[in-house]
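Open the model in your viewer and keep the selection tool at hand. This tour goes from stop to stop, saying what to pick and what is there.

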Amino acid sequence: MGRVIVPLARLAHAGWVMAREGVFALVPTVDLPASARLGLALARSIERRSRSDTDAAGRLTAAFNRLGPSYVKLGQFLATRADVVGREAAADLARLQDQVPAAPEEAARAAVAEALGRPVDEMFVSFGPAVAAASIAQVHKAVVRDADGSEHPVAVKVLKPGVARRFARDLESFYLAARLIERFSPSARRLRPIAVVDTLARSVVLEMDLRLEAAALSEMAENTQDDPGFRLPVVDWRHTAKSVLTMEWIDGIKLSEVERLREAGHDLVALSETIIQSFLRHAMRDGFFHADMHQGNLFVVADGTLVAVDLGIMGRLDAAERRFLAEILYGFIRRDYRRVAEVHFEAGYVPAGQDVEVFAQALRAIGEPIRGQTAADISMARLLTQLLEVTEMFAMRTQPRLILLQKTMVVVEGVARTLDPQLDIWRTAEPVVSSWIAGNLGPAGRLASAAGGLGSLLRLAGELPALATRAEAMSAGFARMAEKGLDLSDESVRRVAAARRDWTVRLPLWVGAGALVAIAISLL
């Protein structure tokens, strides 16, 4: 009973705090069902009255800080959506991206020494107080000395003490909420709330191991080494462990400091385009993208290059998902709503029993009103509400693997429009999407796929002699069995089991090889 009561009490406390501090005032009521509007009205009835909107924004940030790291992440997301929460609230919530209260410096020093196995003063020439802190970790500026005697500054990221325990506690509450939703709201089951919390839980586990973040920095740096206007900091592997990550110090201006960027002479419109296009390249070309691209994790250095940090949360897409993403975006750009609808059906995002023509009509109702409009003219809150209505109308289920992609797309668009309120996201996305389509779904892409299929076929063909030998041995064994009867000794049972396992593995390979041949022939 306690395993239910305690998380339920935490949820009730969180709901009370958010209601008192005005969080539910941020939820748009346009087009919401009557029951939802009634619930919001009741929640707002206990809202504390403030003297000004600025006071309300400050209380909102304080509420998320009080509720812990999981809620801070929610506030970080809302900070990118000034169109949803308002400019004052968004500006205040931006402090949650890197201005959360830090753990004491002595506690951080002790954590670094324990993780790296040496006193801090032996490893670093200097180690200063925290310069930034977010929900999970904080960053200290330090100086290291290289083997040649030269010195250079580094950023040392340290997990906050006790953060894993607090996240685990929050996740208990989230799982309880998800189970209650699935049990008592049949219409919400298609949104798969438990699967959504599973995705969050997995991302948190990965984010708690800073060695994985270091590996992500290394991998993405290789992927993007030739990308225009984008790069990653270099990892210092000597001073990196599970709870400590040391990397190149980036001397730049955060994207949240728009006025400083403008005063420094940076082209804000070009930067907004770089953000959108870089994200699309990473998602479609590499299938590996930064899934926490809020303003606090993006810096602009003197030459105008965008530098991304804090790669604790990363998203991956397989080849099929990347194709679906590209075709959906390309279809919207070209106003080919029928093709967009077909891709949704091919991907399994829409149940097969639905009508593709009606779904294409619903997509047109979403796409046409925003054609040619700038970001300043589009209400993202209303657009998202309409998208949710469409998913419900066509019984579409949440795709857990795409949750990070969907969330990041919204965040990236929000960050870009803080720099350029006149951003036309379709025009900005078109060069990258069109290039990917031409390279992967055009003649060159088909030839590459054919070559890959033939390569797999040749690898399988190389195993033919071994397969033939096994088949001959099995045939001889069956002949002996027909002549002498069935031998059920322990050794014979083991041999039959091994042969059976071998063929249940090999048979699908041969079926796949046949399919590859057919695909290769059709493409050539």
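The stops below cover a sheet, some aromatic pairs and some salt bridges. Keep in mind that this is a predicted model.

**Stop 1: the sheet**

Select β4, β9, β8 and β6. They form an open sheet of 4 strands in the order β4-β9-β8-β6, and the pairing is mixed. Now look at the edges. β4 (230-231) and β6 (253-254) stand there with a single partner strand each, so one side of each has no neighbour in the sheet. Stay with β4. Its pairing with β9 (residues 306-308) is parallel and runs over 2 bridges. Pick R231 to find V307 of β9 opposite.

**Stop 2: aromatic pairs**

How many aromatic pairs does the structure hold? The count is 6. Begin with F279 and F289, an edge-to-face pair with 5.7 Å centre to centre and 85° between the planes. This pair links distant parts of the chain: F279 sits in helix α13 (residues 268-286) and F289 in strand β7 (residues 288-290), 10 residues apart.

Move on to F324 and Y349. Their ring centres lie 6.1 Å apart and their planes stand at 75°, so this pair is edge-to-face. It too links distant parts of the chain, 25 residues apart. F324 belongs to helix α14 (residues 319-334), while Y349 is in the loop between α15 (337-347) and α16 (356-367). Both F324 and Y349 are buried.

Next, select F345, F359 and F394. Ring pairs link them into a cluster.

**Stop 3: salt bridges**

The model has 28 salt bridges. Select E213 and K157, whose closest N and O atoms are 2.8 Å apart. This bridge joins helix α11 (residues 210-223), which holds E213, to strand β3 (residues 151-159), which holds K157; the two residues are 56 residues apart. E213 is buried at 2% relative accessibility. K157 is buried at 8%.

Now go to helix α12 (residues 258-263). R262 and E259 both lie in it, 3 residues apart, about one turn of the helix. Their salt bridge has its closest N and O atoms 2.6 Å apart. R262 is partly exposed at 43% relative accessible area, and E259 is partly exposed at 49%.

**Last stop: a network**

Select R323, E327, R338, R339, E342, E346 and E357, which salt bridges link in a network. Zoom in on E346 and R339: their closest N and O atoms are 2.8 Å apart. E346 is partly exposed, with a relative accessible area of 44%.

Note on methods
Residues numbered from 1 in each chain as written. Predicted model: local features only at pLDDT ≥ 70, side-chain atom pairs only at ≥ 80, totals over all residues. Heavy atoms only, no water. Pairing = 2+ DSSP bridges. Phe/Tyr/Trp six-rings, centres within 6.5 Å; stacked < 30°, edge-to-face > 60°. Buried < 20%, exposed > 50% of the residue type's maximum accessible area, 1.4 Å probe, protein only. Salt bridge = Lys/Arg side-chain N within 4 Å of Asp/Glu carboxyl O.
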